[in-house]
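This briefing concerns the nonpolar cores and the strand arrangement of one protein model. Please consult the sequence and the structure shown below.

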Amino acid sequence: MERRAFIKKSGVAGLALAALPNLAFSKDFEYSILELMGKTDIKLYGKGINLRKEAHDAFVEMKKAAYGDGIDLKVVSSYRSFERQRSIWERKFLKYTDDGNMAPLKAIDKIIEYSTIPGTSRHHWGTDIDIVDGNRKVEGDMLVPSKFGEGEPYADFKKWMDENAKDFDFHLVYTDTPGRRGFKYEPWHYSYAPLSVPMLTEFRRKNIMQLLKNEDFYGTEHFTEGFLTNYIQDNILDINTELL
Ligand SMILES: [Zn+2]
């Protein structure tokens, strides 16, 4: 039987089988650029969790284990689309430039202390989450580094995650390692390494600089080559080395 006829007759199962032999050799094409930039719908799992299947399953296991130790791992943020990131970015850009009267480049530097350029967020991948301890009541913004310090509401959460997260393949991305550049310390942002490491590898193979030059949202006209070079080196790549 001809290959084409075989695929046609055997339907979906046949298609999957026919595609299988290629998979081992097509690592390069496992994640599309649209997927890596949050521009296409991906299948997400878990109400209020919203992660890719493997990451979701590992998170649920970790959540169970933590719960047994009195920590309620609560997801504050997980998957975020390009459009969502763009609205965060543009809101901050307008806030700093209009209300704050900042020069555009200064505003951009301020935004990228904690927020990513749309298309470059690890939250686009369905592998990364911002989590806290739902058992602790906290006034105001939860995602503030000081709240994870000694004697603070999320100190027990931090201790538990430091000791256990790796067993579930979750790693802190933006560590407090001295000299690390890019995004500031985020004790709440964890990444599921078995998926996010190959995704970052794939992303690095693309021409990120060109992709960002092609974008058009508030601030993009100020993206110089020098700025983008530093951003890619520091904000995308100067992360916990366990995730490279
Ligand atoms: Zn995050």
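The points below treat the basis of the model, its cores and its sheet.

The model is predicted: local features need pLDDT of at least 70, side-chain atom pairs count only at pLDDT 80 or more, and totals for chains, interfaces and linings use all residues. Residues are numbered from 1 along each chain as its sequence is written.

**Nonpolar cores**
- A nonpolar core is a set of buried Ala, Val, Leu, Ile, Met, Phe, Trp, Tyr and Cys residues joined through C-beta atoms within 7 Å; buried denotes 20 or more other C-beta atoms within 10 Å of the residue's own, placed from the backbone.
- The largest such core has 33 residues, and Met62, Ile131 and Met199 have the most contacts inside it.
- Among the elements that each supply at least two residues of this core are helix 3 (53-68), strand 2 (128-133) and helix 7 (193-205); helices (H or I, at least four residues) and strands (E, at least two) are DSSP runs numbered from the N terminus.
- Helix 7 provides the largest share of this core, five residues.
- A second, separate core of nine residues includes Trp89, Tyr96, Ala107 and Ile108.

- Four strands form an open antiparallel sheet in the order 1-2-4-3, where pairing requires at least two DSSP bridges between two strands.
- Strand 1 (73-77) and strand 3 are the edge strands, each pairing on one side only.
- Three bridges join the antiparallel strands 2 and 4.
- Aspartate 130 has histidine 189 of strand 4 as its bridge partner.

Note on methods: Buried ≥ 20, exposed ≤ 12 C-beta atoms within 10 Å, placed from the backbone.
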